[in-house]
Amino acid sequence: MIDNKTLDPKISETVDKLQRLFGAAPEVAVVLGSGWAGAVDQVQDGKHLAYTELPAFPQPKVEGHVNEIVVGRIGEQRVVMLRGRAHTYESGDCTGMAGALRSLARWGVKALVQTNASGSLRGHMPPGSLMLITDHINAPQRSPLIGEQGSHRFVDMSAAYDAELRHHALGVARGQNLVVGQGVYCWAVGPQFETPAEIRMFAAWGADAVGMSTVPETILARHAGLRVMGLALITNMAAGLSGEALTHSLTLQQAQLSGERASAYLGAVLSSFATLPSLHA
Ligand code: HPA
């Protein structure tokens with residue numbers, strides 16, 4: 001449960017620091033998931049700052065992981081990229097990104113682009129596919145908003161993934177002759193992969209892809225007033241759908257194979273956001 005009494009001063013300090021170091025907020029923040037790290041290379045004039053300098057951001061427990069923000073621009077669009085997210089499977093806590101997302105929203109960021117690696121539940125989206133998230137299924141029914149007060153906590157989730165941002169991203173894909181699917185993302189806490197029976201159940205529920213992130217952040221982002229776009233890189237067929245056992249290294253391998261194409265597309269989408277009036281009003 002989030003302790004707002006201790007989190008709020010950290011958010012204030014974080015926002016002050018972001019403002020002081022980088023000035024006005026970029027309109028767009030991007031969470032880089034597995035396979036998407038290469039997108040950092042698309043950032044021009046990037047300035048890096050470690051999460052350890054930002055008290056409301058998740059503090060890394062393992063040395064060696066990159067945990068930093070990169071503030072810069074892609075073409076004409078200013079962006080802040082988040083390298084490293086707190087996963088629920090690390091601690092059981094699904095509120096790990098609350099301070100970071102609330103700080104970004106208070107700084108003035110308008111939209112959160114979430115990227116992740118996912119397993120596919122559909123034959124027409126094999127490994128290497130990209131999927132824009134239309135909606136999600138919170139399978140564990142966990143909420144990062146437990147303990148929040150006031151009517152504001154009853155967040156509308158009926159259009160959690162922003163249709164305008166998604167359609168804009170689909171237009172960019174069409175312009176590049178790139179096939180990008182659309183579908184429903186289902187959250188499984190992990191860290192174990194799903195069973196084939198769970199995957200059959202998720203498919204019957206209407207899920208198209210499954211992964212261990214994104215959903216808590218979308219809920220937090222909507223609560224903070226951020227628009228959300230989600231982009232999944234399919235790294236494997238989900239459990240029971242391919243005859244192969246699932247391993248982390250296999251998903252990382254596929255993420256690496258497709259990562260360059262995925263990151264190039266992400267860069268093109270972000271750059272084109274500069275032309276979206278609703279982000280620049
Ligand atoms: N299941 C859960 N998370 C994942 C998968 C998967 O099959 N692939 C990549 N992340």
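Colleague: At what angle do helix α1 and helix α3 pack, and how far apart are their axes?

Modeller: Bear in mind that this is a predicted model. A pair of packed helices is described by two quantities, the angle between the axes and the distance between them. Here α1 (residues 4–22) and α3 (residues 98–107) pack at about 50 degrees, and their axes are 9 Å apart.

Colleague: Which word describes how α1 and α3 lie to each other?

Modeller: Angles under 35 degrees count as roughly parallel and 65 to 115 as roughly perpendicular, with oblique for the rest. α1 and α3 are therefore oblique to each other. Their crossing is right-handed.

Colleague: Which residues of α1 and α3 meet?

Modeller: On the α1 side, the residues are N4, L7, D8, I11, S12, T14, V15, L18, Q19 and F22. On the α3 side, they are A98, G99, R102, S103, R106 and W107. By class, this contact has 7 nonpolar, 6 polar and 3 charged residues.

Colleague: What are the angle and the distance between the axes for α3 and α6?

Modeller: α3 packs with helix α6 (residues 215–223) at an angle of about 35 degrees, with the axes 9 Å apart. The crossing of α3 and α6 is right-handed. A98, L101 and R102 in α3 meet E217, L220, A221 and H223 in α6. These residues divide into 4 nonpolar, 1 polar and 2 charged.

Colleague: How do α4 and α7 pack?

Modeller: The angle between α4 and helix α7 (residues 248–272) is about 120 degrees, and the axes are 10 Å apart. α4 and α7 are therefore oblique to each other. α4 passes α7 in a right-handed crossing. H168, A169, L170, V172 and A173 in α4 meet Y265, A268, V269 and S272 in α7. By class, that contact has 7 nonpolar residues, 2 polar and no charged.

Colleague: Turning to the backbone, where is there a cis peptide bond?

Modeller: In general, most peptide bonds are trans, and most residues other than glycine have a negative phi. In this model a cis peptide bond joins G190 and P191, with omega about 0 degrees. P191 is in the loop between β7 (181–187) and α5 (196–205).

Colleague: Is phi of Q141 positive or negative?

Modeller: Phi of Q141 is positive, near 50 degrees, and Q141 is a residue other than glycine. Q141 is found in the loop between β6 (130–138) and α4 (163–175).

Colleague: Which residues surround the ligand?

Modeller: Start with the surrounding residues, then look at individual polar atoms. The ligand is surrounded by A117, S118, G119, F193, E194, V210, G211, M212, T235, N236, L246 and T251.

Colleague: How far is a polar side-chain atom of E194 from a nitrogen atom of the ligand?

Modeller: For E194 the distance is 2.8 Å. A polar side-chain atom of N236 lies 2.7 Å from a nitrogen atom of the ligand. With G119 the polar atom belongs to the backbone, and a ligand nitrogen is 3.3 Å from it.

Terms used: Residues numbered from 1 in each chain as written. Predicted model: local features only at pLDDT ≥ 70, side-chain atom pairs only at ≥ 80, totals over all residues. Heavy atoms only, no water. Axes fitted to C-alpha atoms, helices over the stretch in contact; angles between N-to-C directions. Helix = DSSP H or I, 4+ residues; strand = E, 2+ residues; numbered from the N terminus. Parallel < 35°, antiparallel > 145°, perpendicular 65-115°, else oblique. Left-handed = near helix turned anticlockwise from the far one by under 90°. Contact = heavy atoms within 4.5 Å. Nonpolar A, V, L, I, M, F, W, Y, C, P; charged D, E, K, R; others polar. Near = heavy atom within 4 Å. Polar contact = N/O pair within 3.5 Å; in protein donor to acceptor, adjacent residues only side chain to side chain.
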